[in-house]
Amino acid sequence: MAGRLFSLQAELPLVKCALAESGSYLGLSGDDLSKYSDQLKEKERMLLQITQRQSKSGDENTARLPPPGPAVTFDRCSLKAVVQHMSEYEAVPHESMKALRALSSLAYKDALEVADSSGAMRQILRLIQLHPNEGAVQQAAMKCMCNLAFSAEVALGALARPDVLTALVAVRTAGDGSAEAFSGLPANSLHAEASKLAGEALARIIAADAEATAAAQASGGKCHSGADSASAALFRAEA
């Protein structure tokens, strides 16, 4: 719903500009374009009413409304800017995908910095939940998880939380579903890739746990404990 409102609000300025310049839009001009503009405004009014009611209901599964107008650009090299874009445009799949891809690059460069950002981790999980049928969003989110899992410290810490493991297993077992695709790829291939990446992230978490346990045993210390048994159990549960 919020995504439809975002698209409509991005279209309205184009229609207004065409009207002001006595031009055309989508083959419409003059009175026909004026009627089309009125129809868009009425749709905007109704969508705003619906989304505002949803927001007041406090439903966590309802995406927040994006800012009006076309999507703004953001600094892909700034963690703060990327997380802000992820939050402000969480209702828009394409913008969510762009922000997740930027976050994935940041995670590749410095996994600890991204993992230490509670806002980043929280929003990754939120986008996974909000867009289960958007293959590109799921794929970008899982690529980010994979890059984070390259760090053993992150794998045994931020990624070993039950909510993260549950999300990874859900995507891993989802396989290929029906969804709209970005990047020119079939939707099912994006979901299949997301599933594969989720499996890789889980495998890295388990591998990091095994290495930590082996190191502890070799030094005669206490075996690593925490979310390791839960990660193994969840990974086996997907079979």
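Trainee: Why is H131 called buried?

Mentor: H131 has a relative accessible area of 7%. Buried means under 20% relative accessible area, exposed over 50%, and partly exposed in between, with a 1.4 Å probe and protein chains only. H131 is therefore buried. This is a predicted model, in which local features need pLDDT of at least 70 and side-chain atom pairs count only at pLDDT 80 or more, while totals for chains, interfaces and linings use all residues. Residues are numbered from 1 along each chain as its sequence is written, and side-chain values use heavy atoms, with hydrogens and water left out.

Trainee: Where is H131 found, and with which residues is H131 in contact?

Mentor: H131 is in the loop between α6 and α7 (135-149). Helices (H or I, at least four residues) and strands (E, at least two) are DSSP runs, numbered from the N terminus. Contact means heavy atoms within 4.5 Å. With neighbours within four places in sequence set aside, the partners of H131 are E90, A91, P93, S96, V137 and Q138.

Trainee: What makes the pair of H131 and E90 a polar contact?

Mentor: A polar atom of the H131 side chain lies 2.6 Å from the backbone oxygen of E90. A polar contact is a pair of N or O atoms within 3.5 Å; within protein, one must be able to donate a hydrogen and the other to accept it, and residues adjacent in sequence count only if both atoms are side-chain atoms. The value of 2.6 Å is within the limit of 3.5 Å.

Trainee: Why is N147 called buried?

Mentor: The relative accessible area of N147 is 7%, and the limit is under 20%. N147 therefore counts as buried. N147 lies in helix α7 and, leaving aside neighbours within four places in sequence, touches S104, A107, Y108, A111 and R204.

Trainee: Why is S22 called exposed?

Mentor: Its relative accessibility is 69%, so S22 counts as exposed. S22 sits in the loop between α1 (2-20) and β1 (24-25). S22 also has a positive phi of about 55°, although it is not a glycine. Most residues other than glycine have a negative phi.

Trainee: What makes L26 exposed?

Mentor: L26 has 62% relative accessibility and therefore counts as exposed. L26 is placed in the loop between β1 and β2 (28-29), and its phi is positive, near 55°.

Trainee: How do you know that α3 and α6 pack against each other?

Mentor: Helix α3 (residues 79-88) and helix α6 (residues 118-130) pack at about 35°, with their axes 10 Å apart. Axes are lines fitted to C-alpha atoms, for helices over the stretch in contact, and angles run from 0 to 180 degrees between N-to-C directions. The contact involves V83, M86 and S87 of α3, and G119, A120, Q123, I124 and L127 of α6.

Trainee: Which residues of α3 are buried, and what do they pack against?

Mentor: The buried residues of α3 are L79, A81, V82, V83, H85 and M86. They pack against α4 (93-109), α5 (111-115) and α6.

Trainee: How many helices and strands has the protein, and what share of its residues is buried?

Mentor: The protein has eleven helices and two strands. Of its 239 residues, 44% count as buried.
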